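Morning, everyone. I have one structure to take you through today. Please look at it on the screen while I talk.

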Amino acid sequence: MTLRATLPILIILAVLAAIPLLATSNSVLNFIVFVLIITLAAQGWNVLGGVGGQSSFGHAAFFGTGAYVSAILQSRFGINAWAAMAIAMGVGAIVGWVIGFLSFRAGLRGSYFALVTLAFAEVLRILANAAGFTGGAAGLLLKLNVGFANMQFSSRGAFLWLALSLVALTLFLSQWIASSRFGAQLVAVRENEEAARALGVDVLAVKLRAITVSAAITAAAGCLYLQYFLYIDANIAYGLWISVEALLAPMVGGKGLVLGPIIGAFTLHGLGEAAKTFAASVPGIDLAIYGIILVVVVAFAPEGVLGVLKKTQLWRKRKAHAATKLSEEAA
Amino acid sequence: MLSVEDITMRFGGLVAVGGASLTVPKGAIVGLIGPNGAGKTTLFGVIAGFLKPTSGRVSFEGCDITALPAHVRAQEGIARTFQIVQPFAGLNVRENIAVGAFLRHRNSADAHALADAVGHRVGLGADLDKPASSLTVAGRKRLELARALATEPKILLLDEVLAGLNPSEIRDIVPVIRSIRDEGVTILMIEHVMQAVMNLCEQVYVLAQGRMIAQGTPQDVCEDPHVVEAYLGRGAAERLRTVGANHA
Amino acid sequence: MYSLDITLEAVLNGLLTGAVYALIALGLTLVYGVLHIINFAHGALLTTAMFAVWVAYTFLGIDNYVLIPFLAVIFYALGYALQRFVIGPASHGDDGNILLVTLGISIVLENALLAIFRSDTRSLTSDFSFEVLEVGPLLISKPRLIGFAAALVVTLLLWLVLARTDTGKAIRAVAKEKLGASLVGIDVRHIYAVTFGIGCATLAVAACLLMPTFYVNPRVGGAFVLVAFTVVVLGGMGSIPGALAGGLFIGVVESLSGLYLGESLGQIGIFLIFILVLLFRPTGLFGARA
């Protein structure tokens, strides 16, 4: 890991970490925490969908599993919230592996993979909505009981730091993946499966590792959601909304890039908030804007915000270079 | 080292390869030639594990590998290049080669060092940091070769690495191929550029319409009337001989 | 176990619903068969059409059956424009991109409808909605019977258009071999847009047939979209007879699993079928050709 690659990450983390020290407004803190939870879910998606090129439309399956497993362990078995989160991530990873094993073994790719993941998430949603131990349609409520062991904090700032540390851990994990053997093989699989096989890459194993890691991260985001809002039901935990959020953020920020999900999540929700303040009385306006942004990004900036930044940077450099050259010639 | 016994590959009703056999001794450069559509690339696919033959056997260093999947064959030391080059577009040249190097090196510093060395070796030293998609045809062919080489194979299957190159580019790359062999890598190559085949190969197999019709030294094979007919049509050998006689 | 009568009625109801599912899936499978794209906005477009029926009925007093030809033409134009000017240019021909672009369109449509109509559920208030036909012990809803018949007619019409007309031939040519079709002078982008337009027109017809017995709110399309996808994969992607068979089958499955598993679990049968077909028989159960 070079300093040049790590520096932007450290700056972003430092700025976000300083927010609770400067801002006391609950709505600002709420906003940041919520976006960080989305970021974490999206970072999970990015491992599989961005780096690995296997676009999932059903990351709700992992988000919801994380949230439900943690909620059930805490509320029914009285297990410590941290341990519950660890187990929930493990179960999320297993669900990821199983879905991956079934779909990748069947050779599903592209749109087919996207649709089958969506269907898996829907099956889990219907089951959670109907089963007794998940609280059925009424959902599950976590008792308000502030304390470190319960992962509940009296200050929103403390929760922000918790969410931020998980996001930070995942950022460094993503950066490590990018330079590792696993990352190289995963990108190779994304770009050309056949060529990857010729170079000794076990395509199925690489994809399975990716979906397992991806699912565990997104499950952690589900746990965070639960700890912050203390309530989930099937439409929240396994709803299409989180699948879309998880894929939208990396798409907008720059899919496959380490900073893509966090940049994308803050860009999207920043714009959404802005839209809401201008047209507060119009429901759905923020989401409609997300839809437009998605189409625009796919059409004009397939590498997302970071891609655009990189291009303008290159362009400026070239312009500056040309300018010095001109002045040299003039002299 | 590599032996292919009686391979038949059927796609529906079409017999792409019918009962073809060949052997490649350790340390040799063996050529596989034949007219377009003869089934050469299909046979390569079978050897490298991309296609499951309808019948027949592939063995490598004495072991039957017919049932092994492609990536396991690569681990065993069989590397192939593709006729239609397939660079990983999102990666730069060094990272492309490193994907091959990672096969035997888990550590990324080691893999990148090997990738650099292999890159220089095939003449891509100056392009290591460029995106793979920016390479010329000749550059992509070299990249294809470099990636396969970076897996440190025992045998290298080259599928028309010279096709689409101009004569001076061919002149540059032929010694590279020979030096790879000289370092102990056995080579089986599909090639249309006869000058290179004559120059490099000790032994040549000729595949036509899915059948092995001739084998021998490049000279023998070129003079074999069956081979001439396979390329130029029935009666061609006869006509050529008459033309030759008239000129004499 | 329920009595034979109840089961029979469930099967019959399933068939009636299934025909409309088939109609909804028809557009999806046609678009898939020709453009090889999965149109995620299909559900939202259906919702839009259903709102159009509701507005025409409630404010303009236009009968939903009279509306059919007009709405079909409007939606044809809408679909044509969407494909020609938005989906086609924005997706650069990559199927993953198309999925994302159509997802974007569906989000925009749903939320635009939400902004205009709010989240209330609406339905047509007409006596005809509740009229029934008594056949022995069975009660058959008249509007659903009309829907069933109309769905069959539209399917047949579409099949005839594809088989007999020049446009139909051009569509089939593009579906089979895009490059070849363009080489013989077929304007591929135009045919793509025409196909997408036809897909949307079938949705408009479906909306007119559905509204008397169904309700509409901005999210209602979501309930149909996965059902339609299931019908399409079941029938074999791109197969029109397959879509019909798949639609009827899914209608019956849904009706029976609703009867035996209850309302909340009822839908699970559809998704399980969807997953199983994709995993084990991606060419579909009925679409041997696909």
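One definition before we start. A helix axis here is a line fitted to C-alpha atoms over the stretch in contact, and the angle between two axes runs from 0 to 180 degrees between N-to-C directions. Keep in mind that this is a predicted model.

Now use that definition on chain A. Take helix H2, residues 26-51, and helix H9, residues 203-229, both of chain A. Their axes are 7 Å apart, and the packing angle is about 170°. Over 145 degrees counts as roughly antiparallel. So H2(A) and H9(A) are roughly antiparallel to each other. The crossing of H2(A) past H9(A) is left-handed.

Which residues of H2(A) and H9(A) make the contact? On H2(A), they include Val33(A), Ile37(A), Leu40(A), Trp45(A) and Leu48(A). On H9(A), they include Ile211(A), Val213(A), Ile217(A), Leu224(A) and Tyr228(A). Gln43(A) and Gly44(A) of H2(A) take part too, as do Ser214(A) and Thr218(A) of H9(A). By class, the contact of H2(A) with H9(A) has 17 nonpolar residues, four polar and no charged.

Next, chain A against chain C. How many residues does each chain bring to the contact? Chain A gives 32 residues and chain C gives 34.

Now chain A against chain B. Here 18 residues of chain A are in contact with 23 residues of chain B. On the chain B side, helices H2 (70-76), H3 (93-101) and H4 (108-121) each supply at least two residues. That side of chain B has twelve nonpolar, seven polar and four charged residues.

Staying with chain B, there is a record to mention. An unreviewed UniProt entry annotates residues 2-234 of chain B as "domain: ABC transporter". In the model, that span is 39% helix and 25% strand. Its end C-alpha atoms lie 33 Å apart.

Last, confidence. The model scores ipTM 0.89 and pTM 0.89. Chain C has a mean pLDDT of 86, with 97% of its residues at 70 or more. Where in chain C is confidence lowest, and where highest? Lowest is helix H11 of chain C, residues 263-266, at a mean of 73. Highest is helix H2 of chain C, residues 42-59, at 94.

Key:
Residues numbered from 1 in each chain as written. Chains lettered and ligands numbered in written order. Predicted model: local features only at pLDDT ≥ 70, side-chain atom pairs only at ≥ 80, totals over all residues. Contact = placed C-beta atoms within 7 Å. Helix = DSSP H or I, 4+ residues; strand = E, 2+ residues; numbered from the N terminus. Nonpolar A, V, L, I, M, F, W, Y, C, P; charged D, E, K, R; others polar. UniProt positions renumbered as here; feature names shortened; annotations may be inferred. Parallel < 35°, antiparallel > 145°, perpendicular 65-115°, else oblique. Left-handed = near helix turned anticlockwise from the far one by under 90°. pLDDT = per-residue confidence, 0-100.
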